[in-house]
Structures are given as structure tokens and as C-alpha cells.
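Work through the exercises below with the structure in view. Try each task before you read its solution.

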Amino acid sequence: MPAPGWPSGPILLAGIASLGAGCIHLAAIGSHRDDPAAALTFAALAVVQLAWGAIAVPSRSRWVAAVGLVVSIAALVGWVLAKATGIT
């Protein structure tokens with residue numbers, strides 16, 4: 001059980017997951033270096049995910065949670081569109 005005042009719950013878990021996803025997207029930049037648009041997309045998504053994760057981990061704000069939800073849905077939609085159109 002976390003100490004009083006320490007963040008906990010779904011937003012903490014989402015923040016940690018976002019930090020992990022951001023790191024994965026940073027790692028993916030190198031394997032997409034031959035496609036500048038893809039590399040830039042991975043870089044931008046990594047920055048957003050890392051920034052949101054860093055803000056979300058200590059936060060308890062519903063506003064921060066809502067922003068994270070929008071970012072996550074946008075990333076998921078982008079991934080689905082990339083797979084549906086054959087982008088690798």
C-alpha cells in the first residue's frame with residue numbers, strides 16, 4: 001500500500017505504461033531511419049508519451065487522465081490505420 005500522498009491507481013499505471021510505450025517508440029526510430037516520415041512519427045509519439053507519462057505518474061488530476069486517454073486513443077487509431085493500409 002502506497003504511503004499517504006503518493007500517487008496510486010489507474011492514472012499511475014497508465015503513466016508508467018506511457019513511459020514504457022514512449023521508450024519503445026524511441027527504440028523504433030532507428031529501425032525506421034530509411035523512412036523519414038515514419039521516424040518522425042515515432043519520435044513525436046515518443047516525446048508525447050514520455051512527457052505525458054512524466055506528468056501523469058505523480059498526478060491525480062482528471063484533466064491529465066483525459067489528455068492521456070486522448071493521446072492513447074490517437075496512437076491506437078494511428079497504429080490501426082498503419083496496419084490497415086499496409087504501412088509497416
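**Exercise 1.** Find the volume of the second largest pocket, then say which residues are closest to its centre and which elements line it.

Solution. Remember that this is a predicted model.
- Step 1: The volume of the second largest pocket is about 200 Å³.
- Step 2: Its lining has 14 residues, and A14, W52, G68, L69 and S72 are the closest to the centre.
- Step 3: Look for elements that give two or more residues to this lining: they are α1 (10-31), α2 and α3.
- Step 4: Sort the lining by class: 10 nonpolar, four polar and no charged residues.

**Exercise 2.** Describe how α2 and α3 pack.

Solution.
- Step 1: Helix α2 covers residues 36-56 and helix α3 covers residues 62-84.
- Step 2: Their axes lie 10 Å apart, at an angle of about 155°.
- Step 3: Angles over 145 degrees count as roughly antiparallel, so α2 and α3 are roughly antiparallel to each other.
- Step 4: The crossing of α2 and α3 is left-handed.
- Step 5: On the α2 side, L45, V48, Q49, W52, I55 and A56 make the contact; they meet V64, A65, V67, G68, V71 and A75 of α3.
- Step 6: By class, this contact has 10 nonpolar, two polar and no charged residues.

**Exercise 3.** Which element gives the most to the lining of the largest pocket?

Solution.
- Step 1: The largest pocket has a volume of about 470 Å³.
- Step 2: Among its 17 lining residues, T41, F42, G78, W79 and A82 are the closest to the centre.
- Step 3: The elements giving two or more residues are α2 and α3.
- Step 4: α3 gives the most, with seven residues.

How values were computed:
Residues are numbered from 1 along each chain as its sequence is written. This is a predicted model: local features need pLDDT of at least 70, side-chain atom pairs count only at pLDDT 80 or more; totals for chains, interfaces and linings use all residues. Side-chain values use heavy atoms; hydrogens and water are left out. Axes are lines fitted to C-alpha atoms, for helices over the stretch in contact, and angles run from 0 to 180 degrees between N-to-C directions. Helices (H or I, at least four residues) and strands (E, at least two) are DSSP runs, numbered from the N terminus. Angles under 35 degrees count as roughly parallel, over 145 as roughly antiparallel, 65 to 115 as roughly perpendicular and the rest as oblique. A crossing is left-handed if the near helix is turned anticlockwise from the far one by less than a right angle, and right-handed if clockwise. Contact means heavy atoms within 4.5 Å. Ala, Val, Leu, Ile, Met, Phe, Trp, Tyr, Cys and Pro count as nonpolar, Asp, Glu, Lys and Arg as charged, and the others, Gly among them, as polar. On a 1 Å grid over the protein atoms alone, a cavity is a set of points where a 1.4 Å probe fits but cannot get out, and a pocket is an open set with protein on both sides within 12 Å along at least five of seven lines; lining residues have an atom within 4 Å of a point. Grid points are joined across faces, edges and corners, and a volume is the space filled by probe spheres set on the points.
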